[in-house]
Each structure stands twice: as structure tokens, then as C-alpha cells.
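Open the model in your viewer and keep the selection tool at hand.

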Amino acid sequence: QVQLVESGGGLVQAGGSLRLSCAASGRTTSSYALGWFRQAPGKEREFVTVIKLSGGATITADSVKGRFTISRDNAKNTVYLQMNSLKPEDTAVYYCAALNGLRIGDVNYWGQGTQVTVSS
């Protein structure tokens with residue numbers, strides 16, 4: 001079992017920044033990657049970015065590339081999502097996930113989600 005707890009969401013104006021954190025506990029060594037997904041009202045959950053736990057390679061969705069950065073602190077078992085130049089269309093619930101691959105279908109565990117609201 002892996003437990004994931006997100007924090008850092010909130011309300012921010014367009015152009016602003018937020019940093020989300022995801023604290024992982026449990027059998028995290030069994031995971032291939034940790035990542036972030038988001039779900040806006042009325043839309044399907046979508047991929048944002050993922051980081052491999054071995055080596056640290058990342059993959060990021062085109063919609064946020066250049067604005068969002070994923071990073072990890074192995075000592076703290078924590079993954080971060082730095083979000084800059086936020087846009088109203090980034091408004092969503094952001095979920096941390098533990099994966100055995102790199103796609104949404106490879107998610108084994110989800111966090112509870114944290115709301116990010118970007119006002120125009």
C-alpha cells in the first residue's frame with residue numbers, strides 16, 4: 001500500500017504561482033513513478049506530469065510545458081509541482097498518483113486531491 005497526501009492548493013490570480021506537495025508513505029519503493037493529474041469540472045481526469053523514481057526523468061503535458069515543473073525529494077519521500085504563469089484553464093482538482101508506468105492507466109494509487117482555482 002502507498003499513501004499519498006497532497007497539499008498546497010488554493011486560490012491564485014492569473015499569472016501567479018503555486019507549489020503543490022505530495023507526501024508519499026508506505027511501499028513507495030514498489031512504484032515506478034510518481035505524477036500529477038488534474039480534473040476540471042465536467043471533464044475527464046487528465047495527465048499533467050510524471051517523474052520516474054529511478055533516474056528522475058520527467059514527462060510533461062504540452063498544455064503545461066514551460067510553466068509547470070515536477071521535482072522530488074527522495075529523502076522526504078515528497079514530490080512537488082511548481083506551477084507558474086497560471087491560467088484560468090488550469091483550474092482543477094490536482095491529484096498525486098503512484099504509477100507502475102507512465103500513463104493514467106498505470107496508476108496504482110491516488111491521493112485525495114487538492115483544489116487549485118485560478119481567477120482571471
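Predicted model: local features only at pLDDT ≥ 70, side-chain atom pairs only at ≥ 80, totals over all residues.

Is arginine 67 buried or exposed? Its relative accessible area is 10%, and the cut-off for buried is under 20%, so arginine 67 counts as buried.

Now show the surroundings of arginine 67. Leaving aside residues up to four places away in sequence, arginine 67 touches Gln82, Met83, Asn84, Ser85, Leu86, Lys87 and Asp90. Zoom in on serine 85: its backbone oxygen lies 3.0 Å from a polar atom of the arginine 67 side chain.

From C-alpha to C-alpha the two are 15 Å apart in space, with a separation of 36 residues in sequence. Phenylalanine 47 belongs to strand 5 (residues 46–52). With a relative accessible area of 25%, phenylalanine 47 is partly exposed. Which residues does phenylalanine 47 touch, not counting those up to four places away in sequence? They are Trp36, Phe37, Ile59, Thr60, Ala61 and Leu102.

On to the rings. The count of aromatic pairs comes to three. Select phenylalanine 37 together with phenylalanine 47: the ring centres are 5.8 Å apart and the planes meet at 75 degrees, so this pair is edge-to-face. The pair links distant parts of the chain, with phenylalanine 37 in strand 4 (residues 33–39) and phenylalanine 47 in strand 5, 10 residues apart.

Stay on phenylalanine 37, which counts as buried at 0% relative accessibility. Because tryptophan 110 is in strand 10 (residues 107–110) and phenylalanine 37 in strand 4, the pair ties together parts that are 73 residues apart in sequence. Tryptophan 110 itself is partly exposed, at 34% relative accessibility.

Now widen the selection to Phe37, Phe47, Tyr95 and Trp110, which ring pairs link into a cluster.

What lies at 3.6 Å from the ring centre of tyrosine 95, over its face? That is arginine 45. Then turn to tryptophan 110: the charged end of arginine 45 sits over this ring as well, 4.4 Å from its centre.

Conventions
Residues numbered from 1 in each chain as written. Heavy atoms only, no water. Helix = DSSP H or I, 4+ residues; strand = E, 2+ residues; numbered from the N terminus. Buried < 20%, exposed > 50% of the residue type's maximum accessible area, 1.4 Å probe, protein only. Contact = heavy atoms within 4.5 Å. Polar contact = N/O pair within 3.5 Å; in protein donor to acceptor, adjacent residues only side chain to side chain. Phe/Tyr/Trp six-rings, centres within 6.5 Å; stacked < 30°, edge-to-face > 60°. Lys NZ or Arg CZ within 6 Å of the ring centre and 35° of its normal.
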